[in-house]
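This report describes the fold of one protein chain and the surroundings of selected residues.

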Amino acid sequence: MQYMLIFAESEADFAKRDDPTEAPAYWGAWNAYISAMRNAGIIVSGEGLQPPHTATTVRLRDGERQVHDGPFADSKEALGGFFVIEVADLDAALDWAAQSPSAGYGSVEVRPTLPPPPGAA
């Protein structure tokens, strides 16, 4: 079964990515986690994301497109990246989520993926 692991980080966590004193530990933890998933052969796809201030949100209201710089949600945490993994069940997905660096300082949402709709290519 496939699950998406959705990693949320605070603004301070995003800043660690580029901080000369904190970046080695930040990226070291992520590289170790990604390597463990790769070695387990469970990664289907995944990407890290640029910081929230680089986002653009689009809405269509009354036929008019509205464009907003930044993320839609105003929250303490923002989407930092994701992986789609293939594992036996939810318990296995939760185990992998708990091992992620962001589980210790942010959050990880675990959500099963939908199968393709009937007739989809």
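## Basis of the description

A residue is called buried if its relative accessible area is under 20%, exposed if over 50%, and partly exposed in between, as computed with a 1.4 Å probe on protein chains only. The model is predicted, so local features are described only at a pLDDT of at least 70 and side-chain atom pairs only at pLDDT 80 or more, whereas totals for chains, interfaces and linings use all residues. Residues are numbered from 1 along each chain as its sequence is written, and side-chain values use heavy atoms, with hydrogens and water left out.

## Overall architecture

Helices and strands are DSSP runs numbered from the N terminus, a helix being H or I over at least four residues and a strand being E over at least two. By this assignment the protein chain has four helices and six strands, in the order β-α-α-β-β-β-β-α-α-β from the N terminus on. The C-alpha trace spans about 50 × 50 × 20 Å along its principal axes.

Of the 121 residues of the protein chain, 29% count as buried. A contact is defined by heavy atoms within 4.5 Å. Among contacts between residues at least 6 apart in sequence, 73% join residues at least 24 apart.

Two strands are taken to pair if DSSP finds at least two bridges between them. Four strands form an open sheet with antiparallel pairing, in the order β2-β5-β1-β6. Its edge strands are β2 and β6, each of which pairs on one side only. From one strand to the next, the twist averages 20°; axes are lines fitted to C-alpha atoms, for helices over the stretch in contact, and angles between N-to-C directions run from 0 to 180 degrees.

Strand β1 is mostly covered, with seven of its nine residues buried. Nine bridges join β1 to β5 in an antiparallel arrangement, and L5 has F83 of β5 as its bridge partner. Six bridges join β1 to β6 (residues 107–112), also running antiparallel. On this side, A8 has S107 of β6 as its bridge partner, while M4 stands opposite R111 in β6.

## Helix α2 and its packing

Helix α2 comprises 18 residues (23–40) and reaches 26 Å from its first C-alpha to its last, close to the 26 Å expected at 1.5 Å a residue. The expected span is 1.5 Å times one less than the number of residues. The buried residues of α2 are A23, Y26, W30, Y33, I34 and M37. These residues lie on the same side of α2, because they cover an arc of only 120° around the axis; the arc is that of the directions from the helix axis to the C-beta atoms. The face turned away from the buried side carries the exposed residues P24, A25 and N39. Just after α2, G41 takes a positive phi of about 70°.

The cover over the buried residues of α2 includes β1 (2–10), α1 (11–16), β2 (43–48), β5 (77–86), α3 (90–99) and α4 (101–105). Helix α2 lies across β1, β2 and β5, and runs at about 175° to β1. With α3, α2 packs at an angle of about 150°, the axes being 10 Å apart. The two helices α2 and α3 are therefore roughly antiparallel to each other, a term for angles over 145 degrees, whereas those under 35 count as roughly parallel, 65 to 115 as roughly perpendicular and the rest as oblique. In this packing, Y33, A36, M37 and A40 of α2 meet W96, A97 and Q99 of α3.

## Selected residues outside the helices and strands

S100 lies in the loop between α3 and α4. With a relative accessible area of 4%, S100 is buried. Not counting residues up to four places away in sequence, S100 touches F7, W30, Y33 and V108.

D62 is placed in the loop between β3 (56–61) and β4 (64–69). Its relative accessible area of 82% makes D62 exposed. Phi of D62 is near 50°, a positive value in a residue other than glycine. Most residues other than glycine have a negative phi.

P117 lies in the segment after β6 and, at 53% relative accessibility, P117 counts as exposed. The C-alpha atoms of P117 and H68 are separated by 31 Å, the two residues being 49 residues apart along the chain.
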